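Subject: Structure handover

Hello,

Here is the structure I said I would pass on. My notes on its strands and helices follow below it.

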Amino acid sequence: MKAKLSATTLKNIDPSDKAFEVVDTEIKGFLIRVQPTGRKTFYYSYRLETGKRKRIKLGVLGKDFTIGQARDMAMIHAGEVRKGVDVQKARVVKRRAAEDAQQRTLGVFIEKHYEPWVLANRKTGLVTLEKIKTNFPNFMKLALEDISVRRVELWRTHKLKKGIKAKALKPSSVNRAVTALRALISKAMEWGLLEHHPLEKLKPLKVDNSPKVRYLTDPEEQRLLDAMKQRDQQIKDQRDSGNRHREQRGYPLLPDLSEHAYADRLTPLVTLSLKTGMRRGETFDLLWADIDFINDVVTIQGGFAKSGKTRHIPLSPDALKVLKTWARQSDDLKGRVFPADDGGRLDNVRKSWASTLVLAGIQNFRWHDIRHHFASKLVMRGVPLNTVRELCGHSEMNTTLRYAHLAPDHKADAIALID
């Protein structure tokens with residue numbers, strides 16, 4: 001059946017018991033197929049130079065697809081066929097290209113490729129993934145090659161600008177986020193998914209590489225130690241008072257703490273950190289098997305170290321004493337030195353740490369500053385920087401050099417040479 005396909009014609013075409021087609025009399029190859037259900041689908045039929053006939057679906061007549069749109073598409077395809085284009089094959093190629101582009105987006109690459117690799121091969125894999133996903137949500141639908149220097153520079157400008165709802169990021173924080181993104185793209189290049197690095201020419205923001213190091217003064221350190229003793233005693237007194245209350249009412253008593261040196265894990269945990277410079281995660285993962293009480297050495301296993309390398313730290317008399325005392329009141333000397341209350345890995349000690357700092361009257365001192373305190377004290381006592389680097393487990397000497405200015409009289413001695 002042939003007819004000029006128009007809005008009027010289509011209104012007068014009723015479905016029958018069998019599907020049938022109506023071929024347009026104006027555009028060669030343009031047709032509509034009518035199903036018994038009333039569904040009307042537009043096609044464009046064409047013949048290849050080889051003589052083989054093909055047809056390509058244009059769309060289904062409805063509120064979102066009109067006869068006018070169908071005619072326009074048919075005319076476009078007719079022009080392509082006259083140029084020798086196989087429009088059906090071209091559509092398949094275009095669709096596959098779009099699918100390939102979708103597979104190359106940052107979000108898909110993370111999900112299918114980078115996330116499994118980084119979790120298996122990097123200790124800080126979860127942190128890295130969170131950093132990328134949190135900082136670059138608007139990049140997730142971009143193809144990897146479209147993450148350009150310009151886009152990242154615009155992102156940096158936005159993050160450095162303090163907004164009404166969000167605080168501005170420090171340049172160092174911005175650099176760390178970009179470094180994580182660059183590392184991801186470098187891995188995509190290594191796996192052959194990119195021919196060149198789109199952020200190759202991106203320069204990091206300038207930051208102060210010698211920031212002020214926060215460490216405890218001698219009076220502050222003493223106040224911290226005194227505050228921990230005071231806290232231990234307060235907890236013990238509260239336990240004794242609570243048990244007397246329970247006993248009077250016939251309730252089961254809680255474990256007696258009066259015979260213990262420490263009320264809980266905080267004092268030995270902080271003291272060990274002050275005397276060894278261990279990272280918080282390293283102390284949380286520390287096993288009793290890692291402590292050599294014969295040679296007075298604690299071993300940080302590479303699997304738990306940020307650098308991935310095993311290191312050994314000699315135990316000072318104070319550190320050794322606190323560990324032996326803590327061991328005497330510990331129930332399990334085969335697992336973690338500082339387990340959580342349920343026996344698993346400790347998650348954090350933020351609440352108890354914050355209250356202790358308030359009790360000690362110490363401000364602007366983070367848990368990580370304990371490492372700065374350890375390194376600073378070593379340098380101020382004349383310990384060589386390379387030794388400090390080894391004890392702290394710094395992967396690069398530049399990290400240790402932030403403490404160089406604390407070395408006793410090293411600048412004064414240099415200036416004295418010109419007198």
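**Strands**

β6 and strand β7 (residues 297-300) run antiparallel and are joined by two bridges. The model is a predicted one, in which local features need pLDDT of at least 70 and side-chain atom pairs count only at pLDDT 80 or more, while totals for chains, interfaces and linings use all residues. Residues are numbered from 1 along each chain as its sequence is written, and side-chain values use heavy atoms, with hydrogens and water left out. Strands (E, at least two residues) and helices (H or I, at least four) are DSSP runs numbered from the N terminus, and two strands pair if DSSP finds at least two bridges between them.

Ile 291 has Val 298 in β7 as its bridge partner. The sheet here is open, with three strands in the order β6-β7-β8 and antiparallel pairing. β6 (291-292) and β8 (311-314) are at the edges with a single partner strand each, so one side of each has no neighbour in the sheet.

Strand β1 (residues 2-3) runs parallel to strand β2 (residues 20-24), with two bridges between them. Lys 2 is opposite Val 23 in β2. β2 is also joined by four bridges to strand β3 (residues 30-34), and that pair runs antiparallel. Glu 21 is opposite Arg 33 in β3. The hairpin of β2 and β3 has five residues between the strands, and Gly 29 in this hairpin takes a positive phi near 95°.

Helix α4 (residues 106-121) and helix α5 (residues 125-135) have axes that come within 8 Å and cross at roughly 145°. Axes are lines fitted to C-alpha atoms, for helices over the stretch in contact, and angles run from 0 to 180 degrees between N-to-C directions. The crossing of α4 and α5 is right-handed (the near helix is turned clockwise from the far one by less than a right angle). From α4, Ile 110, Tyr 114, Glu 115, Val 118 and Leu 119 meet α5 residues including Leu 126, Leu 129 and Ile 132; contact means heavy atoms within 4.5 Å.

The axes of helix α8 (residues 218-249) and helix α12 (residues 350-360) also come within 8 Å, crossing at roughly 115°. This crossing of α8 and α12 is right-handed. Among the α8 residues that meet α12 are Arg 223, Leu 224 and Met 228, and on the α12 side Trp 353 and Leu 357 are included.

Regards
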